[in-house]
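Welcome! Take a look at it first, and then we can go through it together.

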Amino acid sequence: MARVYNFSAGPAVLPEEVLREAADEMLDYKGSGQSVMEMSHRSKVYDQIIKEAEKDLRELMGIPENYKVLFLQGGASTQFAMIPMNLMKHKKAGYVLTGQWAKKAFSEAKIYGEAVELASSADKTFSYIPDCSDLPITEDMDYVYICENNTIYGTKFHTLPNTKGRELVADVSSCFLSEPVDVTKYGLIYGGVQKNIGPAGVVITIIREDLVTEEVLPGTPTMLKYKTHVDAESLYNTPPCYGIYICGKVFKWLKQMGGLSEMKKRNEKKAALLYDYLDKSSLFRGTVVKEDRSLMNVPFVTGNDELNAKFVKEAEAAGFVNLKGHRTVGGMRASIYNAMPYEGVAKLVQFMEDFEKNNR
Ligand SMILES: *Cc1c(COP(=O)(O)O)cnc(C)c1O
């Protein structure tokens with residue numbers, strides 16, 4: 001069996017141990033005689049899976065009691081609508097535009113109220129994070145929205161914005177569980193799990209309980225009210241059962257690895273290997289300003305489209321797959337999420353060095 005080094009931005013690489021365990025349990029989950037895919041979401045055995053997943057996630061992130069954890073569906077993109085529908089009590093919110101995902105959330109919010117652009121890095125193709133220390137935030141804004149790690153452009157907020165007392169709402173899809181987080185700084189944190197946690201189809205939303213109210217925008221569907229899912233503990237309807245089960249396994253894997261501060265250390269070490277090489281290479285270069293670099297998504301270019309294409313092709317043949325940059329940016333992007341081993345990045349850098357020698 002040959003596993004490739006998968007640098008996909010998402011769906012992305014998962015820990016091999018987790019996949020093996022899931023394979024072992026495929027036909028008979030712990031003596032139940034069923035696959036998790038086949039069992040009732042109302043069964044005792046499934047209830048234990050989802051409750052334990054929540055407990056482990058709470059432990060990993062240090063989620064305080066007054067925050068609710070929801071396992072939802074519809075991907076991160078459904079949250080683009082769900083957030084304004086539930087949180088725009090004054091029909092106004094501020095958005096920081098740092099890339100495509102923030103822009104999409106911004107456009108969606110405009111359907112429901114006044115979405116104000118607070119800052120943007122569009123002037124330099126989103127290659128940096130704008131200064132967010134003194135944004136034009138007004139009292140009547142219900143929240144300030146950021147995309148904390150920009151999957152496509154490879155930037156990350158290393159300092160959270162000064163929200164001037166407004167609630168901070170963050171899309172953490174591509175940096176979920178990659179480092180410790182102070183949940184109390186946010187009103188709502190959410191992410192699709194297919195980048196760093198599990199299979200596509202699950203989105204996790206962590207929301208402070210006082211933000212969960214009956215008072216939502218008129219016409220909000222039952223399924224899109226946070227309160228529906230809080231009241232039913234993520235079991236209002238059939239949840240993405242199997243996906244949640246895999247997420248639960250990844251939480252256990254992360255705990256076993258030593259938790260989020262250990263993951264941060266590993267991720268920093270992995271990313272440094274690649275960034276250090278990019279900084280000294282005469283062929284490749286990173287596209288993001290140094291201080292805003294993401295630990296998870298590393299875009300880079302040669303400056304020559306033909307060479308880029310040649311690199312992607314040869315890398316793939318050598319077992320380094322999904323290195324092509326996002327269709328809107330071009331070049332290359334290596335996504336080096338939690339489950340990408342150090343060895344994978346080391347071998348990629350070696351491959352890049354060889355490519356550089358052969359293509360002077
Ligand atoms: C992938 C991604 C999304 C979109 O996720 P879907 O689950 O496909 O809707 C949104 N935000 C960020 C930061 C992402 O990386």
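How far does a backbone N or O atom of Ala76 lie from an oxygen atom of the ligand? The distance is 3.0 Å. Please keep in mind that this is a predicted model. The points below start with the ligand and then turn to the domains.

**Around the ligand**

**Polar atoms facing the ligand**

- Ser77 has a polar side-chain atom 2.6 Å from an oxygen atom of the ligand.
- For Thr151, a polar side-chain atom lies 2.4 Å from a ligand oxygen atom.
- Of the 390 Å² of accessible area that the ligand has on its own, the protein covers 87%.

**The two domains**

- According to the domain assignment, the protein has domain 1 (16-256) and domain 2 (259-358).
- Taken over C-alpha atoms, the centres of domain 1 and domain 2 are 27 Å apart.
- Their contact draws on 26 residues from domain 1 and 25 residues from domain 2.

**Where the domains meet**

- Between them, domain 1 and domain 2 bury about 2,100 Å², and 57% of this is on carbon and sulfur atoms.
- On the domain 1 side, Ile152, Gly154 and Ser178 supply 21% of the area buried against domain 2, more than any other three residues.

Conventions:
Residues are numbered from 1 along each chain as its sequence is written. This is a predicted model: local features need pLDDT of at least 70, side-chain atom pairs count only at pLDDT 80 or more; totals for chains, interfaces and linings use all residues. Side-chain values use heavy atoms; hydrogens and water are left out. A polar contact is a pair of N or O atoms within 3.5 Å; within protein, one must be able to donate a hydrogen and the other to accept it, and residues adjacent in sequence count only if both atoms are side-chain atoms. Accessible areas come from the Shrake-Rupley method with a 1.4 Å probe; for residues, only the protein chains shown count as cover. Domain bounds come from an automatic or database domain assignment. Contact means heavy atoms within 4.5 Å. Buried area is the accessible area (1.4 Å probe) that two parts lose on being put together, summed over both.
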